Structures are given as structure tokens and as C-alpha cells.
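Subject: Structure for your files

Hello,

The structure is placed below for you to look through. My notes on it follow.

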Amino acid sequence: MKSAANTTCAVLVFLALYLALLPAPSVSANDIKVDNRCSLAKAIGSANNDSSKAQCETGYKIDTIKLQENVTLEEELPDITSRIILDGNGHTIRIHKRHTAFNIKWGNLTIKDLTIKFGSGNRSGPTIKIRNGSLTIVDSHFLNCTGKFDVEDSLGTVQGDSTICNYTAETVTGWFDGAASQPVPPAAQAPPVAFTCETLGGNAPTISARYGLQSGVQCKRVDAAGIGNQAVVDAGFIDAIDIYGYVEQGVELCFPQLGSIVFLDAATAPRMRVPVEYFARGGMTCASLNRPGTVVLAPGQPPVIESAEVEQPPAEPAIEEQAPASETTTTVASQSGQCLVTTIANLKLRSIPFVDDNVIGYVSRGQTLNRISGNQYWHYVQYYNQVGWISASERYVVTSGICD
């Protein structure tokens, strides 16, 4: 009996040591899509409780809630008590004039690429309530509102092309007091985000983003199985990076080797190959990205652009009397009678010339496009195999050729 007891004790000690040496589970994150099966309220509930409400995806730790369509709310949303990224994908949330947009309690909310529009008529009360939490607003707009945020012991910032009621970004940021005055309870405390683009490991590509890598851009090195496109794998590849999160802001990825770039768009399932702008610079192969997907470095040679010939977008919009940026572009325009539009910012491509309409694509900075038609506010252009409308504002584009 003593021998059997000793054996059992030894086995238990061994199991304890084995379990102690196992790696700790990594912090994860899920995408929760808001559509006709999963309402925004249910999506927030799934994220708050790390569970699945109705037919929503299961929330876990840090969640990205992605709108697939415009949303009209009849009731106020649940309190936000976890770490949530609300990705509007260019859509609009319409809210009753008497309601508050969001109530944040011990939570962390990032709002990006979203329009919040309150109902018409007199409205009172705060636009957002936030207690012991944080709020980040990126490339988003709050319309038909005059009320300030109701803030207590919280952090907040406004980034990019954002408008908040009738207030400036600096004014809104000034409403926030600083760090929470009380410690966050462990049950509600959100784990830190792992900024994976900075930790890819040996021989990793150099990656930069318009608002910095900690603005929500995430990266993961993948193998043949991760690429998932057999034709691309069979053609051979040198390296592959899956890039996701807030890529729409404009991201540049430079592999430390020369080759050709294949981009597999995350918007399609399975991921399909789509054109992407890439070039050689300083012995590296660089790609300009504005949407999530898999960036594959394949054997080949990228287009060579000498550093002295790289066109830099002007700091201020060009005027008619200035010399054109490219002699080649001028020759094409003058011979063909075309109007050419060159983007000096990353722009949304829309199905109709109206800011509330669904976005059908993105046009990266530095693209020269044929203008099919338009007016003083919008250009109707073709970008690869898509046609749509982009802003005609001189903040975003310059024109050349015959543009009556």
C-alpha cells in the first residue's frame, strides 16, 4: 500500500510540473459581424460577456464589431464594459434624438470609420457617457448633435478625419480628465493589446501606418496553408504576411528582399488575388495597402523607382498655374483630351456621390485615374475594375488635362 501511495504521489507531482511548464494561453480577439442575424446590441452583449448572443459570433477578450450595413436604433445600447473596436466600414448608425450614443462603464471603446447621426429636432443630454474607461475616435463623424460628452475619470482622443458635433478635435480631447481615479476591478480589466506588427521576428518586413502601428494594425506571418491560394503557393513564395485591423488608414509594408507582390484580399472568401501598388526601394520590395489581406512576396522583380524620381504628394493642393507633377501624365492628357485625377490622400470609392452611401472600395494615395464624368464636388472615375465616385475636394485630389 505504501508503494502504491508513493507511485500516485509521484504521478501527481509529475503532472503538476508538466502543467506548470505549459505556455500560458495567449490573449485572443474575435470579429463579430452586425447583420440581419446579429444586432448591434447583441454584438455588444457578446463582446461584454465573452459569449454568443442570438446568432452573433462568440466574443472573447478584445473584440472587433464590424458593421455590414447601416443601423437604425430604436432603443439605447447596452453599457460597454469590455474592450471593443467598433468598425463602421463606412456605414451609419442612426439614433433617436433623446438617446445617448454609447454608455461606457469600466470599458474601452474605439470607434473608426463610422457616422453617428441623431434624429432631427431638439435634443438634450450628453452624446456619450463614459465612466472610468477610455474612448478613441478615428475617422468618424457625429452629426445632428450639440451635447458634450459626460466624462468622469476617463481617457479619450480624436484622430484622423473626424468631426464631433460642433466641436473641434482638440476641444473634445480636452473634456477627458486623465487616468481613472480608482483601480479597475480584475473582472472588468481588459488585457493589453499585443501589437503584433512590431514582433514578427527575424528578417521581418518593415511596416508603417498613417497613425502608427499601435492605432489598430495587426500582422501575422503565414505559411502555405495560411496563404490558402494553391495557385499562388504553386508559383513559389519567399514570405507572406497577413495584415488586418485598421489597414484602411494607409499602411506601407517593405520586405527586405527583392521580388514581386501578390495581394489576396480579405474581403473575398476564399481570398482572391487583386492588384496592389508595389515598387523597389533601397533593395526592398514595398507595397502600399489600404485594406486587409495577405501580402505575399513571390520570386520576380518589382518596378524600380529611383529615390530621386519618387513623386511626393504636395503639402498643399496644387493650383492650375503650377507645373504638372509628371511630364508623362501631361502628354497623355493633352493628346487624348482626357481629364486625369491624381489622389493626394487615401480616398473612399462610393457607389453614388453622397457621403452616407456604402463604400465599394478604396483608392490609395498617389493614383492617377481617368475622370469619366462628375461635378464640382465629385469625380466619377475608374480604379482597376471598379468605377465609382471620389471626392473632388482640392484637399484630396489634383487634376490635369481637359477637365471642363
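Is Arg291 buried, partly exposed or exposed? Arg291 is partly exposed, at a relative accessible area of 22%, where buried stands for under 20% relative accessible area, exposed for over 50% and partly exposed for what lies in between (1.4 Å probe, protein chains only). I come back to its partner further down.

This is a predicted model, in which local features need pLDDT of at least 70 and side-chain atom pairs count only at pLDDT 80 or more, while totals for chains, interfaces and linings use all residues. Residues are numbered from 1 along each chain as its sequence is written, and side-chain values use heavy atoms, with hydrogens and water left out.

Overall picture

The protein chain has 404 residues, of which 42% count as buried. It holds six helices and 30 strands, taken as DSSP runs (H or I, at least four residues, for helices; E, at least two, for strands) and numbered from the N terminus. Among contacts (heavy atoms within 4.5 Å) with a separation of 6 or more, 58% are between residues 24 or more positions apart.

Disulfides

The count is five disulfides, with cysteine sulfur atoms within 2.5 Å as the criterion. Counting bonded cysteines along the chain, the pattern is 1-2, 3-4, 5-6, 7-8, 9-10.

- Cys38 and Cys56 are joined with an S to S distance of 1.9 Å. Cys38 sits in the loop between strand E1 (29–34) and helix H2 (40–49), and Cys56 in the loop between H2 and strand E2 (62–67), so the link ties together parts 18 residues apart in sequence. The torsion about the S-S bond is about 100°, so this disulfide is right-handed. Cys38 is buried at 1% relative accessible area, and Cys56 is buried at 4%.
- Cys145 and Cys165 are joined at 2.1 Å, S to S. Cys145 is in the loop between strand E11 (141–143) and strand E12 (150–152), and Cys165 is in the loop between strand E14 (163–164) and helix H3 (169–173), 20 residues apart. This link is left-handed, with -105° about the S-S bond, and both Cys145 and Cys165 are buried.
- Cys197 and Cys219 are joined at 1.9 Å, S to S. Cys197 lies in the loop between H3 and strand E15 (206–209), whereas Cys219 is in strand E16 (residues 217–221), 22 residues apart. The torsion is about 80°, so the disulfide is right-handed; both cysteines are buried.

Salt bridges

There are ten salt bridges, each a side-chain nitrogen of Lys or Arg within 4 Å of a carboxyl oxygen of Asp or Glu.

- Asp113 and Lys348 have their closest N and O atoms 2.4 Å apart. They are 235 residues apart, with Asp113 in the loop between strand E7 (108–112) and strand E8 (115–118) and Lys348 in strand E25 (residues 347–350). Asp113 is buried at 8%, and Lys348 is partly exposed at 27%.
- Asp265 is the partner of Arg291, with the closest N and O atoms 3.2 Å apart. Asp265 is in strand E19, and Arg291 is in the loop between strand E22 (284–289) and strand E23 (293–298), 26 residues away. Asp265 is buried, at 6% relative accessibility.

Regards
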